[in-house]
Amino acid sequence: MLFKRIYDDALAQASYLIACTRTGEALVVDPNRDSASYLDAAEAAGVRITHVTETHIHADFLSGSRDLARKAGARVLLSAEGGQDWQYAYAAGAGATLLTDGDHFDVGCVRVDVLHTPGHTPEHLTFLVTDTDSGDRAMGALTGDFIFVGDVGRPDLLERAANVHGAMQEGARSLFASLARFKERPDYLQIWPGHGPGSACGKSLGAMPQSTLGYERLFNWALASTNEREFTRTVLDGQPEPPRYFAQMKRLNKAGPRPLDGFPRPERLPAARLRVALEGGALVVDTRRAADFAERHAAGTLNIPLNRSFANWAGWFVPYDRPFYLVVDESQPRCIDEAVRNLALIGLDDVAGYFGEDAIVASSAAGASGSIPQIGAKELAAKLERGEARVLDVRGHHEWEEGHLPGVENIPLGLLPDHLAELQHDVPLVLQCQGGSRSAIAASLLAAIGFRNVANFAGGFGAWEAAGHAVERGEAGAPA
C-alpha cells in the first residue's frame, strides 16, 4: 500500500492519496480545488486515481471531489448519513456512490471501512484503512474533522456559521457519543486527521501530522472525558469566531462547486486604473507585507498580507457577489499566482485584475496615498495614562478573556465591520492584537473607510505583557 499525505499550508488542510501498488488503483480523500496536486502526485507514484471521497461537507474550503473525479475518470463516493438536510445535492448528477455506516469499498488491496462519526457535522464519516496484503486489521483511520492531534472537531459551526438553531448542543452530544464508540478500537490504530494548527475547525490542534488512538486516549482532553455534560461545556467553550465565509462554503459544497480548470492569472492593470477602481466603489486588496503597507499604500485599499492566514482573512472580508482587485509585491516570485490560487481554494474566483507597486507610486504622486503609524508598548502606555487614545483589542473573545490591557474593549477582527457605528472618527484609535498582525489588518480596514486617526500597536498584547504593564483577565474590560 502506498500512503501520501498532501498538506496545504494555505488552508492548514490535509488530503490523502492511498493506493494499491499491485493494481495501481488509488483513492484521494478530502481533495481541495487544486486538482493538479493530486493528479501530479498520482503520476509521480505511478498510480491512477480511481476513487475520490470526502469525510464531510466542508466549511473551510471548497471541495474538489467532483472536479477531481471528473478529471481522473474516477468514482466519487459521498456520505448518505446525517438525515435529509445533509445530503449532497449533486450526488445523483455525479453518479456518486452513497456511503453509510458499516459500508466498505476496495481500492485494489486496500479495504476502506466506513464509520458514521457525527458531531462536527451530522453527515461526517471516518474511514478505516486496511492493507489486506499485509494484514486483516485496520492500520489507521482517516478522521477528517472528527479527531485531530490533541483536539476534536468543533460542533458549533452549524449554529454559529450556518445559523442552524440549536445545532451546537446536539452536535456536542453526538460528538461525545461518536468518541465513546471510537475509543473501543485498539491503541495501535493510527489517526490521520484532516487539519493541522491554524485551522478554524478546532481550537487547539496539535502540530504533529498524525498520532495513534492510544496516544490520543492518554493526552487528548476530549478522549479522556467521560462526562457528557462536562464534555459539552468544554468543547463549546473558547471556540474561535467562525469565519464569515464558512456558511458560503457549506452551501456551495452541498450543492456542488463549479468546475475549475487551473488558476488563470488575471490581467495586470495600468497604474491609473487603481484610482478609477477605488472611486467606483470596488474592493482592492493589497497583499503586500503589513510593514510595507503601513509605510505607504494607496488610500482606500485593504491590507491582507499574502501569508498563511491570507485565505482566512480574505474569506472574512472579500465579497462573493462582485469582482475585486489585488495589489501585489512583484519582487516576490509568483505572488499573483499564489494569491489567485489561495483565493480560489475558498471560492473567491472573481479577481478582476491586479496592480503592481507602480500603482502605489502613482497614487502617492496624485496625493492619494496613506500610511499607518506603528507604536510600541511604552508609547501606548503613556498615551493611555494621558487619556489620549482609545485602544481596541481585535483578538478572539476567548483570547481577550485570558488577558487584556486594563479597560480595553474587545471586538474580534472578523466582526469589526459590524461594529463601526460604535467607533468615533474624532478619537485617536489604536488597534491591538496578540503580536500586531491582525491589528494591522484592522487598522487598514478602518483607514480604507475613512478613519484618519488610526495607529497599530505593533507589538500587541505579547509586547505589553513582556514590558511588565498591568493586565486584566475575565470580563473586567467590558467587551463589545
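Predicted model: local features only at pLDDT ≥ 70, side-chain atom pairs only at ≥ 80, totals over all residues.
Q: What is the volume of the largest pocket?
A: The volume of the largest pocket is about 1,100 Å³. On a 1 Å grid over the protein atoms alone, a pocket is an open set of points with protein on both sides within 12 Å along at least five of seven lines, whereas a cavity is a set where a 1.4 Å probe fits but cannot get out; lining residues have an atom within 4 Å of a point. Grid points are joined across faces, edges and corners, and a volume is the space filled by probe spheres set on the points.

Q: Which lining residues are closest to its centre?
A: Gly198, Pro240, Asn312, Trp313 and Arg438 are the closest to the centre of the largest pocket, out of 41 lining residues.

Q: And which element gives the most to that lining?
A: H11 gives the most to the lining of the largest pocket, with 4 residues. Helices here are DSSP runs (H or I, at least four residues), numbered from the N terminus.

Q: How does the pocket lining divide by class?
A: The lining of the largest pocket has 19 nonpolar, 13 polar and 9 charged residues. Ala, Val, Leu, Ile, Met, Phe, Trp, Tyr, Cys and Pro count as nonpolar, Asp, Glu, Lys and Arg as charged, and the others, Gly among them, as polar.

Q: Staying with H11, at what angle does H11 pack with H12?
A: H11 (residues 310-317) and H12 (residues 335-344) pack at about 60°, and their axes are 9 Å apart. Axes are lines fitted to C-alpha atoms, for helices over the stretch in contact, and angles run from 0 to 180 degrees between N-to-C directions. H11 and H12 are therefore oblique to each other (under 35 degrees is roughly parallel, over 145 roughly antiparallel, 65 to 115 roughly perpendicular and the rest oblique).

Q: Which residues meet there?
A: From H11, Phe310, Ala311 and Ala314 meet Ala339, Asn342 and Leu343 of H12, where contact means heavy atoms within 4.5 Å. This H11 contact with H12 comprises 5 nonpolar, 1 polar and no charged residues.

Q: Changing topic, how many cavities of 30 Å³ or more does a search of the whole structure find?
A: The search finds 1 cavity of 30 Å³ or more. The volume of the largest cavity is about 40 Å³.

Q: Which residues line the largest cavity?
A: Its lining consists of Ala290, Phe293, Ala294, Asn303, Ile372, Gln374, Ala440 and Asn456. H10 (residues 290-295) provides the largest share of the lining of the largest cavity, 3 residues. By class, that lining has 5 nonpolar, 3 polar and no charged residues.

Q: How do H4 and H7 pack?
A: H4 (residues 167-182) and H7 (residues 228-236) pack at an angle of about 120°, with axes 9 Å apart. H4 and H7 are therefore oblique to each other. The contact of H4 with H7 contains 8 nonpolar, 2 polar and 2 charged residues.

Q: What about H1 and H2?
A: H1 (residues 35-45) packs with H2 (residues 65-72) at about 45°, with the axes 10 Å apart. That makes H1 oblique to H2. Ser35, Tyr38 and Leu39 in H1 meet Asp67, Leu68, Lys71 and Ala72 in H2.

Conventions:
Residues numbered from 1 in each chain as written. Heavy atoms only, no water. Helix = DSSP H or I, 4+ residues; strand = E, 2+ residues; numbered from the N terminus.
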